[in-house]
Amino acid sequence: MTKLQLKHLLQSDAWFSQLPINLQDFLVNEGQVIAFGEQQAIFYRDDEPNGFYAILSGSVNILGLDQFGNQAMLALLTSISWFGEISLIDAAPRTHDAMTLEQTQLFFIKQQKITSFLALNPTCWRYFAKLMSHKLRMMFVAYEDLRLLSAKKRIIKQLCLLAENYTFSEQPNLTFSLNQSHLSALAATSRQTCNQVLNELVADDILKLSTLKIEIINLTKLKLQLMIEQ
């Protein structure tokens, strides 16, 4: 992939497209594309920060793991998603594990290169803060959903968010690598409930299910379900 092709791809992302040209050019010129295999760790909780990432293809699971080995799936990121900005901003260790779910291509910029650029261009820090604040807003909404929405609505909302990659993209991703266990974890509900809801959505011609894949065949109808279901 040429630098021009890479920049064109990244400009399809809402966050990157609103960056000043000098920051766009810096990221494209100083970053590198790295291929990861299926179920490969990108970093672990408490790792020292090494840089900033974007998903070009594939998907990345953001996970938490307690001392007893219990795993919490916090987010499923697809292209184009940026991550790693928390440790970029505070220079503290990674907050969670990041693991690929499938063959994945990442765009990576080293931490030291970014901090050196930002030292010379301090007004650009606000764009990374804006990226982090968007995720913080999403976290507050998720807490609210957990308390106010039924399990069925939480599952439907997660499907809508996954389709729009948590960014309300105008170019939704309607097919993603996800099994029922992953979706039930994201929606904080049981696998049995998740299976029941998915089968109802399949019967209503909204979803199509296959092994490790969920395809939304009618996103408009899915969003309508979110509005009317109790």
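In helix 5 (residues 111–120) of this predicted model, the buried residues are Gln-111, Ile-114, Phe-117 and Leu-118, where buried means under 20% relative accessible area, exposed over 50% and partly exposed in between (1.4 Å probe, protein chains only). These residues share one side of helix 5, because they cover an arc of only 135 degrees around the axis, the arc being that of the directions from the helix axis to the C-beta atoms. Gln-112, Ala-119 and Leu-120 are exposed on the other side of helix 5. Helices (H or I, at least four residues) and strands (E, at least two) are DSSP runs, numbered from the N terminus.

Helix 9 (residues 191–203) has 13 residues and spans 18 Å from its first C-alpha to its last, close to the 18 Å expected at 1.5 Å a residue; the expected span is 1.5 Å times one less than the number of residues. Cys-194, Val-197, Leu-198 and Leu-201 are buried in helix 9. They cover an arc of only 100 degrees around the axis and therefore lie on the same side of helix 9. Gln-192 and Ala-203 are exposed on the face of helix 9 turned away from its buried side.

Tyr-143 is located in helix 6 (residues 125–148) and is partly exposed, with a relative accessible area of 44%.

Residues are numbered from 1 along each chain as its sequence is written. For the predicted model, local features need pLDDT of at least 70, side-chain atom pairs count only at pLDDT 80 or more, and totals for chains, interfaces and linings use all residues; side-chain values use heavy atoms, with hydrogens and water left out.
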